[in-house]
Amino acid sequence: MNTLTRRLLQSATATALLGVAVHLAAVPAGPEWYAWFGAPPFVVRSALEGTWIAPVGALLIAILMGVCAWYGAAALGWVRRPWLHRTGLWAMAAVCLLRAAVLPLLLPSFPDLLSAFEVIAALLW
């Protein structure tokens with residue numbers, strides 16, 4: 001693995017770990033965090049009302065980001081390789097590329113998607 005590839009993979013792994021931390025911290029931090037990080041209004045409302053949607057959604061996203069971090073760390077040789085490692089990495093790359101490709105197509109129907117966060121996330125992640 002060349003140096004640039006290694007650095008990009010390290011960056012992606014660190015970003016996924018940061019995402020895990022943010023999503024786990026949002027649960028006890030409350031509705032203000034959900035709103036500040038750009039959660040949809042129904043998620044913020046769920047956090048305000050104390051229903052299960054906000055915490056369960058945050059935990060599910062944290063788990064998915066944790067899996068991404070695990071696969072990235074395994075590719076770097078930091079941890080044991082998970083089952084179907086190569087297939088998992090390809091699937092994650094496909095989902096991320098699809099997200100980036102679909103964003104411009106969804107903008108006319110969903111102009112709320114045109115936030116700095118969504119654009120940066122689609123380009124980087």
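This is a predicted model: local features need pLDDT of at least 70, side-chain atom pairs count only at pLDDT 80 or more; totals for chains, interfaces and linings use all residues.
H3 covers residues 41-49, and its buried residues are Val43, Val44, Ser46 and Ala47. Viewed down the axis of H3, these buried residues fall within an arc of 155°, so they line one face of the helix. An α-helix has 3.6 residues a turn, so residues three or four places apart point the same way.

What covers this face? Helix H2 (31-36) and helix H4 (53-75) are included in the cover over the buried residues of H3. Now turn to the other side of H3. There Pro41, Leu48 and Glu49 are exposed. Exposed here stands for over 50% relative accessible area, buried for under 20%.

Next, the whole chain. The protein has 6 helices and 0 strands. Along the sequence the pattern reads α-α-α-α-α-α. Its C-alpha atoms fill a box of roughly 45 × 35 × 25 Å along the principal axes.

How much of the protein is buried? Of its 125 residues, 24% count as buried. Consider contacts between residues at least 6 apart in sequence: 45% of them join residues at least 24 apart.

The protein carries 7 positive and 4 negative side chains. The centres of the two sets lie 27 Å apart.

Terms used:
Residues are numbered from 1 along each chain as its sequence is written. Side-chain values use heavy atoms; hydrogens and water are left out. Helices (H or I, at least four residues) and strands (E, at least two) are DSSP runs, numbered from the N terminus. Buried means under 20% relative accessible area, exposed over 50%, partly exposed in between (1.4 Å probe, protein chains only). Contact means heavy atoms within 4.5 Å. Lys and Arg count as positive and Asp and Glu as negative; His and the chain ends are not counted. The place of a charge is taken as NZ of Lys, CZ of Arg, CG of Asp or CD of Glu. The arc is that of the directions from the helix axis to the C-beta atoms.
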